[in-house]
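Hi,

Here is the structure I promised to pass on. Have a look at it first, and my notes follow below.

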Amino acid sequence: MNKFSTVFTFEAKSLLRKKSFIITTIILMLIFFSVSFIPRVITLFTKDSKQEESIHEGVVLLTDEFSQEDFIGMDYVIYPDESSMRADIEADVISSGFVVKGVHAYDLIFKDRQIGNIRFQDDFEIIRENRILEMMGIDIHSYRAALSTPIDMHYDILGSDGFSNYPMTYLFIFIFYFLVIFYGNVISSSVAREKGDRTMELLITSTDSNSLLFGKVLGAGLIGVLQFVLLILAALLGYYINKDSFGFDISQFIQIGTKELICFILFTLVGYFLYLFLYAALGSAVSKMEDVASSTTPITLLLVGTYILAVFTMNVPDLHIFKIASFFPFSSPMIMPARVNLTSVPDVQVFLSLGILIATGILLGFFAARVYRMGTLNYGNRLTFKRMISGLFNRN
Amino acid sequence: MQLELRNITKSFGDVHVLKDISFTTYSGRAMGFLGRNGSGKTTTMRCLMNVFAPDSGEILLDGKPFVADKASIGYLPEERGMYPKEPIVDQLIYFARLRGASKQGAHKSAMYWLDRVGLSEYHNKKLEILSKGNQQKIQIIQAFLTDPDILILDEPFSGLDPVNSQLFKEIILELLKQKKLVVFSSHQMAYVEEFCDDIALIHNGRITLSGDLKKIKRERAHRQVLIESPSESASAVLSSITKEKFQRKENVFHVRLPEGMTKEHLLLGLLDQGVKVESFNDYLPSLHQIFLESAGEQ
């Protein structure tokens, strides 16, 4: 491993010098930066359309239990009969109409039904409630006044604040997923390219394959992390410029504890390199660049599977499968930080899982170096999984 | 130094690529490892470099097991490959550093060799902008960077024009003078003939002949002469004197001396019978002929 730093520096430098890498970084930073302008742009458009829509709903009253004033006060157009309202809906004068049949019944008429809440449902609830209270002889104003008194309550969370940490947890999972998918392919292509260029024979006769593989993966991998940090910074800068359009303050989600943050960083970094070793191994198992995508599919599937498991079980972090997955080294980088965020996890479990992850990572590194070494001997042939495994136990 | 291969065998699946390969090479003597395409040269070189281990046999350096990873060694693989998109000097320094050179030492050596092969002005350019022949030169000099004691060069002359071939022949001769151990392979016999001290011929994975080239030539030349004569009667007279078959190419006769007859006897016999002799020489087979003969003997 004594030539590790030489390989590490060379790989990192050659990636940093690549025009394609610099251009991609700049373009991605611009995209991340401009995405933060989307809420501002959306508000510009939605302001206009809301005003137009609000006068576009009609009501027909087929009952004496409500008065027209109840609805006019809420910006509805009153129609004398259902057929004239239907005609206006057909002619796009109004977007929808409601035929009120009694305190407990109404019909809805749409031209095109769209996704989202129907304002009338909420409005009708209030009008109906008022009517019922009236019928029961209760004073509506004192009832509403009593209800509007704020409740004096405060949280006392002994473990993790799963509710507030939820968005951050999702972000953690996504960051890991993105990092691995994005840079995994960079690594496997770079290894496969070396094989395609026939540089590998020169490399492995110049130094040991462990130095080569660890240097390559850690060098290129760290540059990946650097690029990713730049993207996040670009996005954050954009957010602070457009802070007002977001409608929420991001800092309310970043109230994450130090323990959670350290846990996330450690698991993400170690897990990221563990996956990169896998990508490197599979990159050296193919003989042509074109085969890289198909050969790395199993890892991608594993990653997507873990991602889906993480996202779907986030709501119930105490589920058994969630616990088990937080120890399994290929899923723990996503799931253990999520568990720590969402529920109480004993420190010993966190350390155990991290230990398993680090040990597996190092083992996989040496495994990848063996496969990398074996890959050089297989010009023209694709290294099958069976040969890969049998080769590991072979003295060659 | 003395590098010895003993009974090396190697198979890939059912294909027996190397069968009992043995030969010895010495520092300061140019060793040509010669054979046709697919005869097993590159596989032998790769076994030497421990790219893969032989199935059986041993490789010894001065009588001790040879470990390529630990020896001071420069290697030109048959599969040429460096980084097309990296600056030339950077990757030369990288390869030298991987083999243990210091940063300054690697830089100095890279610049020296680039200058030596006339490519120093391209040192900051990407490898891919060079012509194929010039890329080949970069490939070769990477083997020299760390001033190794042993040089294993697989087909160093393929793809080079005559001027560059000559340049590298001179460099190799210079390295031999410094008592380096140089092994190179080639399939172009005529090309390397004049400058091999020792040869090992490989045919179908087997060494058919190995040793000192001059000695081999002399042995193979044993009691054969080349006679040039314009006389019409030469053919008939030769038959009557030697009572043996001989080969004829225009005016040149290739004759094997019968038992008991000396060169002097033959020449006097010819002159006595009025045959005009323009030249009379010992026959020395070319490397090409030696190769064809030794392959045919298998």
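A word on domains before anything else: their bounds come from an automatic or database domain assignment. This is a predicted model, in which local features need pLDDT of at least 70, side-chain atom pairs count only at pLDDT 80 or more, and totals for chains, interfaces and linings use all residues. Residues are numbered from 1 along each chain as its sequence is written, while chains are lettered from A and ligands numbered from 1 in the order in which they are written.

So, the domains. Chain B splits into domain 1 (2-218) and domain 2 (222-282), with 44 Å between the two centres, taken over C-alpha atoms. In chain A, domain 1 comes in two pieces (4-37 + 161-392) and domain 2 covers 55-148. There the centres, again over C-alpha atoms, are 54 Å apart.

DSSP runs give the elements, numbered from the N terminus: helices are H or I with at least four residues, strands are E with at least two. Chain B has 10 helices and 14 strands by that count. Of its 298 residues, 37% are buried (20 or more other C-beta atoms within 10 Å of a residue's own; exposed is 12 or fewer, partly exposed is in between, and C-beta atoms are placed from the backbone). Two residues are in contact if their C-beta atoms, placed from the backbone, lie within 7 Å. Taking chain B contacts between residues at least 6 apart in sequence, 70% join residues at least 24 apart.

Now the place where the chains meet. Chain A puts in 17 residues and chain B 18. On the chain A side, helix H1 (4-17) and helix H9 (199-206) are the elements that give two or more residues, and H9(A) has the largest share, with 6 residues.

Last, the cores. A nonpolar core is a set of buried Ala, Val, Leu, Ile, Met, Phe, Trp, Tyr and Cys residues joined through C-beta atoms within 7 Å. The largest one has 126 residues, and those with the most contacts inside it include A:Val217, A:Ala280 and B:Leu145. Helix H11 (residues 258-285) of chain A supplies the largest share of this core, 15 residues. Leaving aside residues up to four places away in sequence, A:Ala280 touches A:Ile187, A:Val191, A:Leu213, A:Val217 and A:Tyr372, among others. A second, separate core of 15 residues includes A:Val59, A:Phe66, A:Ile94 and A:Val100.

Cheers
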